[in-house]
Each structure stands twice: as C-alpha cells, then as structure tokens.
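Here is my note on this model, arranged as numbered points for someone new to reading structures. Please keep the structure open beside the text while you go through them.

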Amino acid sequence: MAGRRIMVVDDEAIIREGMNRILSGSDFFVETYANGYLALEKLQESSFDLLITDLKMPGMGGMEVLKSIRVLQPEMPVIIITGYSSVDTAVEALKSGAVDYVSKPFTPDEIIAKVNNALEKKAVLVDDIYLRKELRDNHGFDRFIGASAEMQKVYRRIMQVAPTDSSVLITGESGTGKELVASAIHKNSQRRDQAFVAVDCTSLAENLLESELFGHVRGSFTGAVQTKTGLFKVADGGTLFLDEVANISLTTQAKLLRVLQEREVTPIGGTQPVPINIRLITATNRNLKTMVAEGSFREDLFFRLNIIPVDLPPLRERNGDLPLLIAHFLKKFADEMGKEVRGLAPDALALLEGYPFSGNVRELENIIERAVVLVEGGLIKKENLELTLPEEPEITGVCCFIPQSVDELKERKRHLRELAVEPIEKAFALNALKNNNWNVTKAAEQTGMLRPNFQALMKKLGISIRGQWDN
C-alpha cells in the first residue's frame, strides 16, 4: 500500500501533525487541511486514494465533506474521526458512505490498520453515479471516450475540418481509433446523408485493391466475369476512407494520384473516365515522411493527402482517460454478457495503470472483454486480466538529447519507440528470408505482406540479399 495519497482534514493542528507523522512513516504520501472547504477545493483538481476527516469541525463538518465526496470522487474511501463514539454517530457515518470510523484517542497501530483495510477494499466501481459523471457529462465526443487535453485537441480538429471538403490524413499507432475519427468527420460534414465507405488497404493484394477502388469491366482480366463498380464511384457524393494507405504499391499510388488530380476514375479495362465527387480521408500508423525519403511513397501523393493532418495520441499519453475507458468497456461487456460486474480490484487497476498498451484502446477493450468473460465474482481481479508487464528494452543514447519543447519530446519518444521496434522487425524479415532461401517474393507471401512493402521494410532495415541466393 506504500505510495498511496492520503488526505487528512482536521481543525486541530495536533491531530493533523500526528496523522502526518504516523502515515508518512509508513511510506504514504499525506496532505493535511484545516477545514472542509480547503479540502474540497483541492479534491476538485486532484485525486487521492483515501480521505480521513474529523466529524466535528467549524464551518463544514465531516458529514458534509463526506456527502460532497460521494459526488466529486464516489470511488474514494472515507474514514471518519470522531470524539463522540456513540453507536448512532458511527451508523450515520457508515450509512452516508464512510468505510470506517476511528475514535479519539487512537493509537498509531489502530490508524495504520484501518487505513490498510480501507485501501484493500477500495475498487473502481462502475455504478450509476460514476457513469453519469464520467461518461455522460461531456467526457467524450461522438463514439470516443476521453476528456484528456490530448483528446480535446482531436475533437476540436474534427469540428474544424468536418464542414470542409479538404483531404485529411489521420496518423497514429494501431488501435488508437483512426477509423472513428474518419467516421466522426463524415457524420459532422455536409456529406453526412451520403455513403461512408471504408477500405483496409492491407487486406487485399495489389490487383484486387485496384479493382476494388477503381472498378473493372467484364473480361478485363481472368476472373472478371462481370463489370464491377469501384468504391470511388460507390462513395460518390460521400466520403471514401482509405485505412493504412502506406501499404499500397507505387503503381497504385500513381493511379490514386491521377484520380485525385482529375476527379475522375477509369475502371480497369475501360476507356471512358467516370467523374466522381468524393471527400477522401486516409490513415496510417507509419511515418509517410520517412517513406517519402526512402522512396517507398510518392511525395506528390503525400502532399495531396496531407492537406489537414490529424494526429491521434497513444493511450499512454492520454492523461486521465484510462479510468473512463475501463468503466465504459466494463459496462458494455457486462451488459452484453448479462453479468453483474461492479468494477476492478485495486491490484487489477494498478496493473492496468502500469501497462504500456502497445495496442492502445483496441488492446484495452480486448483485455476488459476477456476479464469480464473470465471473472466469476462481481469484481475483476488481477489474475482475470491475464497480463504480464513486458521487460523494458535497452536503448542506448537515451540521455544524449534533452527535449526543449513538447514537440521535441513527442518526436524523441517516437524515435525511441522506432529504435525499440527495429530489432523485432529485423528478426522478422531475416527469419522470413532464411525460411524461403532468400526469395523475397516467397518471404513476402509467407508473412502476408505485399512484395513492394516487404522490399520497403528490407530497405528501411538495411537488409540486402547480395551474397545470398538469387531471388
């Protein structure tokens, strides 16, 4: 329990000093306040793990503080200090939401025992009060859940760009919600009553992707038994969303650029261009500027796509959003499965708070769904999460550069993540090549990548097949 934050409220200086000495000696972080007004002012801007308050104080008494806490921070346990240790007083405090009470005079051992007991019982409860405050009180946007400053910037950008027809490039790690951003832009645009068409550019081979996007005429290639309308035309009047646009080949990039320039599309095997009126939104989890420098992404297309950038923050940088998302997913899956799950035990919450979430919100959603399936009681415990914290990778040169601005900090963090991932990518590519006698085409097929994308990965990692078998 060491390291937890505890607030002590008492009008007697000797009690405040004694509590501070007792609890600080047990490695708790303690803040003391002489009255309820100061305490509540602090609680409106900061969270604590436990509140200990005197019952009888001038101005705002302990019962008033307790009732206010039930609204401000309903999940926080409260211990009442009383010099009037009648049964009626204790019952009233417990009925109002206190977890325990202690009578004056008290011993250090008694206080430590009650504090540890209260913290053991603490859980993140997903009751109606919590949901009403955290999920329904403007703490999100569209289908997003989150009230952090980082997400507020995203919401503002969505509302700025939605009324226009400008092309939007959404960047962010996998699982951050890029398709949700695209959908929100469409739903808040003048095209909202028209089609929103989403395409995953990694799910189709190059020839099939071109056919999906541009369409084809009957007999234009083997298997083209009938004419097919391309998704550019299907989305006519509405919005076309290309997810993971970094994965399309240079050949398809050139055709896409021409469509955007001419605002017309020619089906494969066709001769007559068809005019289109679409709003294009693209997304990627890769750095397109780096790909442009490497020659694996066209610079002119990048400029066409990157009219309005929207950068989605990873979950680890969304300060304060984790409890909101946990509460949302808990209620969602508990309702779907018909289970009464009240919330998370302290050890489960602590594990999630220290977890890196490389898969971001999508990974959190999967973790909570699994936990709701596995939990047998009303409270999710640490073992229900089935998680282990990964070992930190050793990265050299971390302290060689100290960022001087938040932009430099974000770029430095992005760079360090790339350094951490590179050994895994290199092992992945080399293993595929060795398993296929250094045949690039077969290695790409085995891993489920397009050959140009696999070659781009090799180039990025400095892998050459010279000196190996011919491919």
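1. In helix 9, Glu 206, Glu 210 and Phe 214 meet Thr 251, Thr 252, Lys 255, Leu 256 and Val 259 of helix 11, where contact means heavy atoms within 4.5 Å. By class, this contact has 3 nonpolar, 2 polar and 3 charged residues; Ala, Val, Leu, Ile, Met, Phe, Trp, Tyr, Cys and Pro count as nonpolar, Asp, Glu, Lys and Arg as charged, and the others, Gly among them, as polar.

2. This is a predicted model, in which local features need pLDDT of at least 70 and side-chain atom pairs count only at pLDDT 80 or more, while totals for chains, interfaces and linings use all residues. Residues are numbered from 1 along each chain as its sequence is written, and side-chain values use heavy atoms, with hydrogens and water left out.

3. Helix 9 (residues 206-214) and helix 11 (residues 250-262) pack at an angle of about 10 degrees, with their axes 10 Å apart, and that makes helix 9 roughly parallel to helix 11. Angles under 35 degrees count as roughly parallel, over 145 as roughly antiparallel, 65 to 115 as roughly perpendicular and the rest as oblique. Axes are lines fitted to C-alpha atoms, for helices over the stretch in contact, and angles run from 0 to 180 degrees between N-to-C directions. Helices (H or I, at least four residues) and strands (E, at least two) are DSSP runs, numbered from the N terminus.

4. Because Phe 232 lies in helix 10 (residues 231-234) and Phe 214 in helix 9, the pair ties together parts that are 18 residues apart in sequence.

5. How do helix 19 and helix 20 pack, and at what angle? Helix 19 (residues 440-447) and helix 20 (residues 451-461) pack at about 105 degrees, with their axes 9 Å apart, which makes helix 19 roughly perpendicular to helix 20. Among the residues making the contact are Val 440 and Ala 444 of helix 19, and Phe 454 and Met 458 of helix 20.

6. An open sheet is formed by 5 strands in the order 10-13-16-9-17, and the pairing is parallel; two strands pair if DSSP finds at least two bridges between them. The edge strands, strand 10 (196-200) and strand 17 (308-311), each pair on one side only.
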